[in-house]
Amino acid sequence: MPIGDFARRSGLTPSALRFYADCGLLRPAEVDPFTGYRYYGADQVPRAVTLRRLREAAMPLAVVGAVLDAGPDDAARLIDEHVATVLGEAAAAQRLAVTVKASLTRVPAVPVTALKGPVLADAVEQVLTATAREPGMPVLGGLRVEATPEAVTLTATDRYRLSTRTLATGGPATTCWAATIDGDDLRAAVPEVRRSPLVRLEATPHGMWLRLGERDDRHCRLVKERFPDHRQMLASLPEATTRVTVGKVPLLRALEEHPGDRIALRVTGRGLDVLAAGGTGPEGPVSAAVTGPDLRISFRLTTLYPAVSTAIGPDVLLDLRGPGRPVTIRSADRGDLTTLAMPVQDHRSE
């Protein structure tokens, strides 16, 4: 077919087809020796369409050629490597842009406090498990940072979980301060924070500086939307009626082996059973110490598992308040990381 027809079928312009022919990526099936007109075969359309899509994904010509000539497995690997490179470069550009914009303001940063880098990194990772990316609700992807002279509290919620951890300061706090910080910015800063013995927090009009000593400082953006009133929710929680102390590893193993996306916990004086959603038979008993009345409560696996996995220490404490009420999950030894997990309706068959 003539180059014009082939261009329409492939989505490439005639000039682009001439360029790719000169590059050796898509040579015409035939070239008229007298007129120089180029003709393509119908069997070349898939290659042309793939070429166009790869270039739309900003893939370099050399990599495009390797993908077009590779087998399916190698082609998929090359595409994944390219996407990882693009995402990495985009994240680096975003971090640099945030830092440059923060440096443009003439308002000096206000020192807040200092924290041990490895401790702060762990706390950020733990609490960020309770965030979510929802269109129109960026605050659910943010981390609430509240600093007082005594401690720094990190809080996040996705409406189904609320996770909060309190950290002792590594130096005297100079001011009380509270703000909601972009979770993605903090997540990207974690590797450098973890390698810094001491991290100084400084407040700016648009976010928070993480001063990392010998490493490059990081500026994390402010989330302007109002953070949910988590303090009122915590204060309004009724007293727990049933308390369960269970090993973290055995409980996680039982959750991992569960086949469905919903699980039910049956708590009795004999211990804890992990049940199939809607079923009555235990998937696997877990040894636990229980005080209070028997109870059955259901969760989505994606809500309960992160809450348990981020708990500190070998044993987890579950404070249960009855079906439909939030469950408090924390370490049996340390209370500085606390997570609330919302249950779901129990679809147990009658």
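**Close-up views of a predicted model**

**View 1. In this predicted model, Glu 146 has Ala 178 of strand β7 as its bridge partner.** Strand β4, which covers residues 142-147, is joined to β7 by 6 bridges. The two strands run antiparallel. Strands of a sheet pair through backbone hydrogen bonds, in either a parallel or an antiparallel manner.

**View 2. An open sheet is built from 9 strands with antiparallel pairing.** The order of the strands is β7-β4-β5-β6-β19-β18-β17-β11-β15. Strands β7 (177-182) and β15 (288-291) each have a single partner strand, so one side of each is left without a neighbour in the sheet. These two strands therefore form the edges of the sheet. From one strand to the next, the twist averages 15 degrees.

**View 3. Two helices lie across strands of the sheet.** Helix α6, formed by residues 117-128, lies across β4, β5 (151-157), β6 (161-168) and β19 (337-341). Its direction is at about 170 degrees to β6. Helix α9, formed by residues 248-256, lies across β11 (242-247) and β17 (315-320). Helix α9 runs at about 90 degrees to β11.

**View 4. The largest pocket has a volume of about 220 Å³.** Its lining consists of 16 residues. Nearest the centre of the pocket lie Pro 138, Gly 141, Asp 182, Asp 184 and Val 223. Helix α7 (residues 183-194) gives the most to this lining, contributing 3 residues. By residue type, the lining comprises 5 nonpolar, 4 polar and 7 charged residues.

How values were computed. Residues are numbered from 1 along each chain as its sequence is written. This is a predicted model: local features need pLDDT of at least 70, side-chain atom pairs count only at pLDDT 80 or more; totals for chains, interfaces and linings use all residues. Side-chain values use heavy atoms; hydrogens and water are left out. Two strands pair if DSSP finds at least two bridges between them. Helices (H or I, at least four residues) and strands (E, at least two) are DSSP runs, numbered from the N terminus. Axes are lines fitted to C-alpha atoms, for helices over the stretch in contact, and angles run from 0 to 180 degrees between N-to-C directions. Contact means heavy atoms within 4.5 Å. On a 1 Å grid over the protein atoms alone, a cavity is a set of points where a 1.4 Å probe fits but cannot get out, and a pocket is an open set with protein on both sides within 12 Å along at least five of seven lines; lining residues have an atom within 4 Å of a point. Grid points are joined across faces, edges and corners, and a volume is the space filled by probe spheres set on the points. Ala, Val, Leu, Ile, Met, Phe, Trp, Tyr, Cys and Pro count as nonpolar, Asp, Glu, Lys and Arg as charged, and the others, Gly among them, as polar.
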